[in-house]
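Here is a short report for a reader who is new to this structure. It covers salt bridges, sheets, helices and a pocket.

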Amino acid sequence: MEKAIQVKGLQKSYKKLHVLKGVDFEVEKGSIFALLGSNGAGKTTIVKILTTLLKQDSGTATVNGFDVGAKPDYVRQSISLTGQFAAVDEILTGRENLIMIAKLRHLTNPRQVADDLLNRFGLTEASGRRVSTYSGGMRRRLDIAMSLIGKPQLIFLDEPTTGLDPEARIEVWKIVKELANGGTTVFLTTQYLEEAEQLADRIAILHEGKIIANGTLAELKNLFPPAKVEYVEKQPTLEEIFLAIIGKKEEK
Ligand SMILES: Nc1ncnc2c1ncn2[C@@H]1O[C@H](COP(=O)(O)OP(=O)(O)OP(=O)(O)O)[C@@H](O)[C@H]1O
Ligand SMILES: [Mg+2]
């Protein structure tokens with residue numbers, strides 16, 4: 001299998017804080033890879049290194065075959081990044097945001113590209129409104145839509161659903177699944193086990209500077225004692241209840 005990302009012995013410190021202590025992993029082309037870790041584990045640090053926004057202290061990382069240190073321009077041309085905090089312009093409308101990015105990417109038909117994405121992400125109705133009036137879920141959808149302009153082969157999503165309600169989260173999951181079905185490689189970070197469970201072909205857990213587990217969901221489940229698995233399985237039930245109640249309300 002071809003690799004979209006290869007990371008070997010990656011280390012990074014911020015002054016005295018040794019955040020990454022030798023991180024290794026690979027991501028196959030066309031797959032969804034989830035990096036799990038608690039607050040401050042170093043997930044965003046890894047995303048920043050892989051997207052050329054930050055230099056590692058040691059170790060190597062290649063993205064779409066390009067070394068992030070030696071060929072940052074090639075890396076940037078082959079990826080897109082949706083950062084942890086929405087990068088949309090508040091003063092512009094949703095449509096204007098998309099057109100701006102399409103123009104920056106030198107596409108020949110920026111308006112058409114914008115309208116297609118607005119439609120795909122269910123934002124057509126809100127397209128003429130300033131983003132400052134959007135809900136968190138709408139912003140996230142617009143943010144992801146912006147990162148799809150120019151059809152990147154690999155997309156980085158840093159905590160794409162943090163702060164979203166369950167409905168908006170499921171919408172984002174649907175989008176991510178569609179992307180992967182279309183052949184895009186997706187690298188996402190999350191603090192939600194269920195998100196990784198729903199989406200990822202492979203899951204890696206970052207803890208105290210290293211990848212302490214890496215495998216398919218089935219492989220990871222085998223690592224835990226049954227009692228733990230039962231606890232994990234209870235979480236979606238609450239979500240299901242929530243969604244069922246919301247659904248009933250909307251039917252009325
Ligand atoms: N520019 C910086 N200068 C100093 N310390 C930093 C810097 N950026 C991150 N850190 C520290 O490095 C550690 C890892 O941060 P990082 O943002 O990579 O974690 P994360 O896994 O993305 O966390 P979260 O889930 O909260 O987003 C944290 O302790 C953070 O405070
Ligand atoms: Mg982060």
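A salt bridge is a side-chain nitrogen of Lys or Arg within 4 Å of a carboxyl oxygen of Asp or Glu. The whole structure holds 10 salt bridges. In one of them, the side chains of lysine 29 and glutamate 2 meet at 3.1 Å, N to O. Lysine 29 lies in the loop between β2 and β3 and glutamate 2 in the segment before β1, so the pair ties together parts that are 27 residues apart in sequence.

This is a predicted model: local features need pLDDT of at least 70, side-chain atom pairs count only at pLDDT 80 or more, and totals for chains, interfaces and linings use all residues. Residues are numbered from 1 along each chain as its sequence is written, chains are lettered from A and ligands numbered from 1 in the order in which they are written, and side-chain values use heavy atoms, with hydrogens and water left out.

**The four-stranded sheet**

Helices (H or I, at least four residues) and strands (E, at least two) are DSSP runs, numbered from the N terminus. Two strands pair if DSSP finds at least two bridges between them. One open sheet has four strands, in the order β2-β1-β4-β5, with antiparallel pairing. Its edge strands are β2 and β5 (66-67), and each pairs on one side only.

Isoleucine 5 has a bridge partner in β2, valine 27. In β4, the bridge partner of isoleucine 5 is valine 63. The hairpin of β1 and β2 has two residues between the strands, and there lysine 15 takes a positive phi near 50°.

**The six-stranded sheet**

Another open sheet has six strands, in the order β6-β7-β8-β3-β9-β10, and its pairing is mixed. β6 (79-82) and β10 (210-215) stand at the edges with a single partner strand each, so one side of each is left without a neighbour in the sheet. Neighbouring strands of this sheet are turned by 15° against each other on average, direction ignored. Alanine 204 stands opposite asparagine 214 in β10.

| Strand | Partner | Bridges |
|---|---|---|
| β1 (residues 3-14) | β2 (residues 17-28) | nine bridges |
| β1 | β4 (residues 58-63) | five bridges |
| β9 (residues 202-207) | β10 | five bridges |

**Helices on the sheets**

Axes are lines fitted to C-alpha atoms, for helices over the stretch in contact, and angles run from 0 to 180 degrees between N-to-C directions. Contact means heavy atoms within 4.5 Å. Helix α1 (residues 43-50) lies across β1, β2 and β4, at about 60° to β2. Helix α6 (residues 166-181) lies across β3 (32-36), β7 and β8 (185-190), running at about 150° to β8.

**The second largest pocket**

A pocket is an open set of points on a 1 Å grid over the protein atoms alone, where a 1.4 Å probe fits, with protein on both sides within 12 Å along at least five of seven lines; lining residues have an atom within 4 Å of a point. The second largest pocket is lined by 13 residues, and Leu117, Arg120, Leu148, Gly150 and Lys151 lie nearest its centre. Helix α4 (residues 110-120) gives the largest share of this lining, four residues.
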